[in-house]
There are 2 protein chains.
Amino acid sequence: MNSILIKNILLDKQLRDVLIEGNRFTRIEKNIEVPADLIVDGSDKALLPPFYNAHTHAAMSLLRGCAEDMSLTEWLQDKIWPLEAKMQNDDHYVGVRLAILEMIKSGTVFFSDMYFNVPDTIRAVEEMGIRAAIGVTFLESNGPKYVERGLRFIENLPETSSRVQITITPHAVYTVSADLFKRLAAIARERSLIIHTHLAETLQEVQDCIATHGMSPVRWLDHLGLLGPNTVAAHVIHVDDYELEILRDRGVWLVHNPCSNMKLGSGVFRSADIIEKKLNVALGTDGCSSNNNLDMREEMKIAALLAKVHYGSEVLKVDEVFHWATLNGARAYGLDAGEIAVGKLADALIIDLNNVRMLPTYDLLSNWVYSADSSCIDSVICDGRFLMQGGKVPGEEFIMEAAKKAACRLAAINNQG
Amino acid sequence: MNSILIKNILLDKQLRDVLIEGNRFTRIEKNIEVPADLIVDGSDKALLPPFYNAHTHAAMSLLRGCAEDMSLTEWLQDKIWPLEAKMQNDDHYVGVRLAILEMIKSGTVFFSDMYFNVPDTIRAVEEMGIRAAIGVTFLESNGPKYVERGLRFIENLPETSSRVQITITPHAVYTVSADLFKRLAAIARERSLIIHTHLAETLQEVQDCIATHGMSPVRWLDHLGLLGPNTVAAHVIHVDDYELEILRDRGVWLVHNPCSNMKLGSGVFRSADIIEKKLNVALGTDGCSSNNNLDMREEMKIAALLAKVHYGSEVLKVDEVFHWATLNGARAYGLDAGEIAVGKLADALIIDLNNVRMLPTYDLLSNWVYSADSSCIDSVICDGRFLMQGGKVPGEEFIMEAAKKAACRLAAINNQG
């Protein structure tokens, strides 16, 4: 069993030694003296839980910056969907690898994906050592064959490592029918799979849902039996108090995506009420074509700032938003991770305290949420293995070269259209 | 005369050579073949104008993270002012150097400062090679002697390099009397100095000003003759349409500080109306104890996101917010800089295009505003000199060590109080 011993690292305001054996933290004490395969000096460094990105579309990294200053509808219909239609399987694989490289470099060890070409995503995740909940996406506009293929995939799930789980991801109330939602809910219950969907992202979605189904998206999904503790709902902006209480009572996990919601002008997440009513919340970056990065540190800061300017400077405190981005992301997807404690899965970041943005260190977490950036991350550990050490991810040049080539081809198509 | 020749660098969507002689750009062409003191390979890199931070309090970097989740008033009165009272002269110098190091590392070559101990700030700026507009601050609560000292300082301005200018910085309408404002306005006109003040930052400030002077802060300062093209007003949140027109007609420069305004819950800058009415706007980070960093790249993204969520996804486009952060910051302070063009002061950033956050490169500026972070900055040039090259700032370890020591002493005081 592989072992890593980190000596003299700052953890919870004290210098400690941390032992990782296999993929778990096994001892956290002062002065651990045992042999280990790798001994790491933690001087002038701190150990923090890494990020768990609860809602993204990884392969869209290949579309970063291809369209700006548009509303969600315009952006999807005029730019994103036509480009996506031109993406080939290998583009997905290349895009996911680009996304994972960016995630590792910015301290993320898990992402929940909603996109296409699941086998290519699985391959990229397995190779790069990160964790993921990979969604089989259902969009009825893609036709009945596409839906059937998704259902067959779920019936015969491929073998994966323990780092990978498959989720069921119906796209949204405006792209999935009542029948299919009910069918997916039944399969999810039967197979103990998580359902991950977009919910109440725009006012248009709410108005259309009321016009079509006579009720709002939250009420509609509740009516269809879709809401429960294994449901993860992204965005959740246009909701009333009663709907917040339904979501809380069903144990649904909300994912806040502040950058994307702001950039597309979708609206403001009701952080103050959601905290007061004690709903489950995790944080996500959304796809990087509407963000335009996958940086969960930046997402924490922007979540806190947005809450404060809307609901008051005391709302969404440093430790709360940090929990949304770390522990809660892990909990939403049933991972025994997200905190550095004996017995937990060994995921961690080693932070460089000799970075100008981390000084002075009156309050490490405050610096981390509000001041840091990816330059403060020295190393990233996932499942007891270093994915990045001293700022380097093995093979990163090849991943970037492949992305450049694929993007050149897509850019040529984009400029024609 | 010192010369730098940068070969084959991406600039305005083409590969070019750029020649710097002395402190100006002198040639920008393909294939420049001249001898130069330093020849730099620009392959896989881009040249961009750097940031001009139009409103900050540099030495407050020494207070980063010392107080969170509070309103402006609480934060100032209970935390910041008591700590500031304990800061010694050398702390200011150490704090400013820490701030400048962070600015250089995040691509800023100029800052407009409003704080105390001007000679220590000048010393730090001169040593570290950056540009600054350093304010002589007037706060009447500090007593008449303090005001007299400020006036005497302005009467006998010290000799400085061309990188440094002195400004007059009355703190705000609630800390400076009508008489002093008028006196400072007269001195500024006579000496051709810029006046830099806080304006209409909080609703409380507006209400108190109306109660005391019978008019709002903007109307009050206009009544006192303070508003003109040499006036820089920070924050400017709580203003009506008529006041925006006064500010435009007088040619006042507004500084938008989105992070600080959001974090302290001060309010939302009226970006859409301000753009429509064609006011002059620059961008600033405010002091890093209310931000909590000095990262202008992050400030651009957050300014754009805040504008979009409030006024629509098409408001504050990529090139607009980039101009606020670069060219307009330079123009607000009368610098012949902020764009890379022959004859302009030679300030620039060399950006690493082989950074995962800059890929794919459909749109360099969109990547820079929305996706990048300081890890994408390879080098920083100010006034024809490299302040950072290949990520390294000479002497950075000493600057950080000094900051740690000073912060330890202040932290001990903070914990007692």
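Predicted model: local features only at pLDDT ≥ 70, side-chain atom pairs only at ≥ 80, totals over all residues.
1. Setting aside neighbours within four places in sequence, B:Ile130 is in contact with B:Ile100, B:Met103, B:Ile104, B:Val109, B:Phe110, B:Val125, B:Cys382 and B:Leu387.

2. The largest nonpolar core holds 286 residues, and the members that touch the most others are A:Ile100, A:Ile130, B:Ile100 and B:Ile130. As general background, nonpolar side chains in soluble globular proteins tend to be buried together.

3. Next, the two chains. Chain A superposes on chain B through a rotation of 180°, with 0.0 Å of shift along the axis and an RMSD of 0.0 Å. The two copies are therefore related as by a two-fold rotation axis. Both copies use the same surface, since 100% of the contact residues of chain A recur in chain B.

4. Which residue of chain A comes closest to the rotation axis? It is A:Ser375, whose C-alpha lies 2.8 Å from the axis.

5. Now for the contact between the chains: 53 residues of chain A meet 53 residues of chain B. On the side of chain A that touches chain B, the elements giving two or more residues are helix H2 (89-105), helix H9 (258-263), helix H11 (296-311), helix H14 (364-370) and helix H15 (396-416), each of chain A. H11(A) gives the most, with six residues.

6. What is the make-up of that side of chain A, by nonpolar, polar and charged residues? The side of chain A that touches chain B has 23 nonpolar, 15 polar and 15 charged residues.

7. Within chain A, the domain assignment gives domain 1 (3-44 + 351-390) and domain 2 (51-332). Note that domain 1 is written as two segments. The C-alpha centres of the two domains of chain A lie 30 Å apart, and their contact takes 14 residues from domain 1 and 18 residues from domain 2.

8. Finally, the side of domain 1 of chain A that touches domain 2 of chain A. H14, strand E15 (377-382) and strand E16 (385-388) of chain A each supply at least two residues of it, and H14(A) gives the most, with four residues. By class, this side of domain 1 has nine nonpolar, two polar and three charged residues.

Key: Residues numbered from 1 in each chain as written. Chains lettered and ligands numbered in written order. Core = buried A, V, L, I, M, F, W, Y, C linked by C-beta atoms within 7 Å. Buried ≥ 20, exposed ≤ 12 C-beta atoms within 10 Å, placed from the backbone. Contact = placed C-beta atoms within 7 Å. Least-squares fit on C-alpha atoms with pLDDT ≥ 70 in both. Nonpolar A, V, L, I, M, F, W, Y, C, P; charged D, E, K, R; others polar. Domains from an automatic or database assignment.
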